[in-house]
Amino acid sequence: MSLRARLSLLSVGLLLALLAIGAAFEYVVLGVYLQRDAAAQLNSRYATVLLNELAIRRPVRACATGGTGPLALRPVVAGVVSAQYADCLVRALATPGGQESVVVLAPDGGFLGADPADDYPTLPVADYVTTAQRGPQLNHWLATSPSGQESLVILRALRQNGRAVGVVQLGVPTSVYEATRGRLLTVLGLATGLLMLVAAALTPLLVGRALRPLHRVTEASGAIAAGDLARRVAEPAGNDELGTLARAFNRMAAAVQSALTVRAESEGRMRRFVADASHELRTPLTTIQGQVDLLRRGAAEDPAVRRQSLEAMARETQRMAALVEDLLTLTRLESAAAGEREAAVRAPVDLNRLVADTVEEQSVRAPDQRVDLDLAGGGAPLVVEGDRDQLRRAVLNLANNALKYAPGRVHTWRSRQDGAMAVLSLADEGPGIPEADLPRIFDRFYRGVAETSARSGGSGLGLAIVRSVAEGHSGQAIASNNATGGATFTLRLPAAPPPAGGPPSLSPPPPGGATSDLPAHQDAEAPAV
């Protein structure tokens with residue numbers, strides 16, 4: 001059974017129960033009201049006939065005949081209402097042709113007179129005695145006549161000089177007001193049936209309209225499960241539960257789409273990474289395998305050929321070692337940034353000193369390369385808090401990248417402090433970076449158009465390491481093209497105030513001058529610089 005059907009049945013059932021409870025309550029309350037109204041009418045009639053404690057005039061005048069004068073009638077004999085006076089009371093209180101009953105009794109419950117005389121309702125004698133002694137204890141009673149007819153009765157004590165001399169019982173059949181209750185019950189039944197028919201017809205429509213946003217959410221869920229990750233639901237203007245559900249669903253769908261997109265991109269990068277790493281390792285391995293086969297075929301007997309083969313194998317071995325080292329370095333940097341391993345100890349590092357050391361080292365490897373320095377404060381300390389080896393690796397990678405893609409051109413290092421950030425950049429006069437490659441220039445093993453057409457040596461992880469180092473120091477790495485040609489790579493890192501003793505003494509270079517145990521052959525993974 002659908003939710004719409006269940007809610008419709010529940011609503012109709014609840015409405016039926018409420019109508020039934022309301023009808024029953026109204027039926028009972030009306031019965032009580034009619035009983036009290038009948039008792040009030042009987043009391044009013046009694047008060048109209050008997051105005052005083054023991055009013056004799058009216059009853060006597062009503063039943064006096066012939067020559068019998070009013071004074072000849074004795075109302076009380078031996079402390080009890082006389083039979084003649086009781087008969088006068090019955091005739092005075094009775095309604096001609098009416099359904100009421102009148103009974104006059106002695107204080108001890110003895111019968112004195114009644115109308116009708118042979119079929120009147122009776123109560124236990126104790127009720128009559130109690131009424132005579134203390135007055136009526138209840139507003140009315142329900143009594144049954146010998147014929148089985150139920151009547152509502154009231155009791156009133158007749159007193160003379162404060163002493164009870166009789167009890168009057170007035171009654172009316174309950175059928176008089178039960179007929180009214182029956183008609184009400186019929187009207188309530190018809191009204192309830194009509195309302196139930198209307199509710200049964202309208203409730204499914206109203207419930208369906210109310211659940212329409214939920215139906216849209218269900219359809220959108222099915223569409224998303226089928227692969228339409230961009231599917232959303234219209235958000236109602238109200239702040240009810242369905243509106244909240246629609247907004248929460250859209251946020252969840254957006255999060256799922258983003259997560260799946262990131263996952264797909266990550267899987268794509270991983271596939272490209274595995275393919276590129278396999279390709280990078282396959283080339284040196286193939287070269288080594290070829291040289292080994294050459295030596296096995298007898299080339300080892302020729303010293304010159306043997307030396308060439310060993311040198312070729314050594315170069316390829318160094319290339320593989322560099323690739324593995326770069327992969328391990330990049331993995332360590334990313335693991336530290338993700339909190340999966342403990343980060344390196346931070347200390348004050350002078351970026352200008354790192355640039356000077358890198359230029360000095362590069363002058364040995366490429367003595368003809370022209371390098372210009374435009375450092376902050378003429379070379380004064382530009383200090384950041386960080387890991388010196390990692391920062392040196394990033395600076396060295398930028399220098400090697402420029403040397404690789406813009407050899408013989410002018411390389412210009414610039415440094416400055418921009419507010420709370422230390423800015424270090426390297427500009428060259430090379431071919432620049434294609435606009436399509438700029439967003440991915442720092443990706444692992446990324447190859448642009450020029451790179452795929454003429455692949456040069458290197459691991460292809462240099463700029464990826466630069467970005468990881470920058471992000472690990474709460475900074476960023478930026479690549480851009482120069483207006484006059486060439487490209488500029490910029491590092492923006494949070495600056496630290498230089499210590500009193502000067503940064504060089506706090507973060508000295510490693511032993512051996514400007515050299516380091518970090519590989520010095522990093523390059524970019526795009527043809528860009």
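A residue is taken as buried when its relative accessible area is under 20%, and as exposed when that area is over 50%. In this predicted model, Tyr-120 has a relative accessible area of 18% and is therefore classed as buried. Phe-111, in contrast, counts as partly exposed, with a relative accessibility of 44%.

Two aromatic pairs were identified, using the criterion that ring centres lie within 6.5 Å. One of them joins Phe-111 and Tyr-120: the ring centres are 5.5 Å apart and the planes meet at 10°, so the pair is stacked. Stacking is assigned here because the planes are under 30 degrees apart. The other pair is formed by Phe-442 and Phe-489, whose ring centres are 6.1 Å apart and whose planes stand at 90°, so the arrangement is edge-to-face. Phe-442 is located in the loop between strand E12 (421-427) and helix H11 (449-453), whereas Phe-489 belongs to strand E14 (residues 487-494); the pair therefore ties together parts that are 47 residues apart in sequence. Both Phe-442 and Phe-489 are buried.

A charged side chain was also found over an aromatic ring. Arg-181 lies over the face of Tyr-27, at 3.9 Å from the ring centre.

Leu-205 is found in helix H5, which spans residues 175-210. With a relative accessible area of 52%, Leu-205 is classed as exposed, because this value is over the 50% limit.

Notes
Residues are numbered from 1 along each chain as its sequence is written. This is a predicted model: local features need pLDDT of at least 70, side-chain atom pairs count only at pLDDT 80 or more; totals for chains, interfaces and linings use all residues. Side-chain values use heavy atoms; hydrogens and water are left out. Rings of Phe, Tyr and Trp (its six-membered ring) pair if their centres lie within 6.5 Å; planes under 30 degrees apart count as stacked, over 60 as edge-to-face and the rest as tilted. Buried means under 20% relative accessible area, exposed over 50%, partly exposed in between (1.4 Å probe, protein chains only). Helices (H or I, at least four residues) and strands (E, at least two) are DSSP runs, numbered from the N terminus. A charge sits over a ring if NZ of Lys or CZ of Arg is within 6 Å of the ring centre and within 35 degrees of the ring normal.
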